[in-house]
Amino acid sequence: MIIQSILFYTFISSVVLIYGVGACSLMTYNHNFFHSVIDFCKTLIVVIVSIIITWTINFLFLAPYHAAILFPFFAFLSTFFITIFFDITLNKLITFQKYNFQTAFLIVVVSLSESSGFLQSIIIGVISVASFYILLPFLFGIRKRMQNIQIASDFKNSLEFITLALIILGLYGICTSWLRMDIFL
Amino acid sequence: MQEKKYFIYLISCLALFVPVPAHLGYGIIVLFLHTILLFTLFPIIKYLSNNEHAQFYLYLIFISLTILFYLLFSVYSPVIMFTLGFTLFLVPISPILMYHIEIKNSTQNFNYQSLLKTIAFLNICTLIFFSARELLAWRSLSLPLPKGIYFLFPAYKMPILFWASIPGALCILAFFLALLSFINRLREKNL
């Protein structure tokens, strides 16, 4: 089950490319390498702690009363307060741009709604954070290249969307191909 | 400058709607929730303009409203709500972006008329986006009914999956934005 979850959320259904979680943040992300590493560690801790808190609340108080639908509310509260705690602590150590907590919140919601157990939700959360930060260098490289491109100004905004579409097609082209095996065999 | 900010808002809004299934029926529901959240934002924006924790309160209100909307709509159509599932929680993020645009303006001189125009324009653009996706993928349009999605015209038996997928949606979005940017530029030239 653990290996299945890792393979599924890393290769088959990336949370950024298929679910669209953090796709917006990914396109506007412009931290340097050092800040990206700190950001990654911070998001990872925020997501894991939030999943633990929300899962415990859900397991003890919500699920027994058939109120599991309310879990995003508690996911938001835990993610928000942990993010603020990290912002305050990190700002004392280094000058750090405030992090947008939306991606972390959405990852917590995805991992809790898709999992069937505590361990699986943690695994999905960790892999989702990793898949977001794995894509960063690729998009950064593409954005750097696009700065030198001569193109009509109307298409400049659209180019990043097309690039992201091409990355997804490169990885999951077979899923949207007209020559699908389940149809033609 | 203000129009440019609304244009960026439109881009980010449409980008957030990309993971929603490629049916107009789902688009209508998502848009309905989005409009409710935007209408909730405007009365409270004045009270929160000087508040340090405005973002927290807004998230709290929007996520609570989204859960309430989910529960109420589950009574109307459980199938549609089950299909939408997690994607509904992408919606509360976009009104926060609107808040960040509005808070930088003079909130005392709040122009409701221009905001209503913005919401109307945004809704039309989103409906066109969802219609284009569904027409290209299924050759039909759909409406949300209690039993699920109802096709207004006979749909393809084998849909063109590319347009229903995320890369297809991103390509439509890219074309749509290029078109909007072109119209915007022409309008600025004429002014």
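Author: The model is a predicted one. One residue to begin with is B:Leu179, which is placed in helix α8 (residues 166-190) of chain B.

Reader: Why does B:Leu179 count as partly exposed?

Author: The relative accessibility of B:Leu179 is 41%.

Reader: Why is A:Gln102 called buried?

Author: A:Gln102 has a relative accessibility of 9%. The limit for buried is under 20%, and therefore A:Gln102 belongs to that class. Its place is in helix α5 (residues 102-114) of chain A.

Reader: What does A:Gln102 touch, leaving out residues up to four places away in sequence?

Author: A:Gln102 touches B:Tyr59 and B:Ile93. Within chain A, the C-alpha atoms of A:Gln102 and A:Ser25 are 8.6 Å apart, although 77 residues separate them along the chain.

Reader: Which elements make up chain A?

Author: Chain A has 8 helices and 0 strands. From the N terminus, the order is α-α-α-α-α-α-α-α. Of its 185 residues, 47% count as buried. Among the contacts in chain A with a separation of 6 or more, 73% are between residues 24 or more positions apart.

Reader: What makes α3(A) and α6(A) roughly antiparallel?

Author: Helix α3 (residues 33-62) and helix α6 (residues 118-147) of chain A pack at an angle of about 160°, and their axes are 10 Å apart. Angles over 145 degrees count as roughly antiparallel. The angle of about 160° is over that limit, so the label applies to α3(A) and α6(A). Their crossing is right-handed.

Reader: Which residues bring α3(A) and α6(A) together?

Author: On the α3(A) side they include A:Phe40, A:Leu44, A:Ile48 and A:Trp55, and on the α6(A) side they include A:Phe118, A:Ile122, A:Val129 and A:Tyr133. The residues of this contact divide into 13 nonpolar, 4 polar and 1 charged.

Reader: Why does A:His66 count as exposed?

Author: The relative accessibility of A:His66 is 76%. Exposed means over 50%, so A:His66 falls in that class.

Reader: Which elements make up chain B?

Author: Chain B has 8 helices and 2 strands. Read along the sequence, the pattern is α-α-α-α-α-α-β-β-α-α. Of the 191 residues of chain B, 52% count as buried.

Reader: How do you know that α2(B) and α6(B) are roughly antiparallel?

Author: Helix α2(B) and helix α6 (residues 112-138) of chain B pack at an angle of about 165°, with axes 10 Å apart. That angle is over the limit of 145 degrees, and therefore α2(B) and α6(B) count as roughly antiparallel. The crossing of α2(B) and α6(B) is right-handed. Among the residues in the contact are B:Leu31, B:Leu38 and B:Phe42 of α2(B), with B:Leu115, B:Ile119 and B:Phe130 of α6(B). By class, this contact has 13 nonpolar, 6 polar and 1 charged residues.

Reader: Which residues have the most contacts inside the largest nonpolar core?

Author: They are B:Leu41 and B:Leu84, in a core of 104 residues. Helix α2 (residues 24-48) of chain B gives the largest share of this core, 12 residues. B:Leu84 touches B:Val20, B:Pro21, B:Tyr26, B:Ile29 and B:Val30, not counting residues up to four places away in sequence.

Reader: Why is B:Arg139 called partly exposed?

Author: B:Arg139 has a relative accessibility of 44%. This lies between 20% and 50%, so B:Arg139 counts as partly exposed. B:Arg139 is found in the loop between α6 and β1 (142-145) of chain B. Its phi is positive, about 60°, although B:Arg139 is not a glycine.

Definitions and conventions. Residues numbered from 1 in each chain as written. Chains lettered and ligands numbered in written order. Predicted model: local features only at pLDDT ≥ 70, side-chain atom pairs only at ≥ 80, totals over all residues. Heavy atoms only, no water. Axes fitted to C-alpha atoms, helices over the stretch in contact; angles between N-to-C directions. Helix = DSSP H or I, 4+ residues; strand = E, 2+ residues; numbered from the N terminus. Parallel < 35°, antiparallel > 145°, perpendicular 65-115°, else oblique. Left-handed = near helix turned anticlockwise from the far one by under 90°. Contact = heavy atoms within 4.5 Å. Nonpolar A, V, L, I, M, F, W, Y, C, P; charged D, E, K, R; others polar. Core = buried A, V, L, I, M, F, W, Y, C linked by side-chain atoms within 4.5 Å. Buried < 20%, exposed > 50% of the residue type's maximum accessible area, 1.4 Å probe, protein only.
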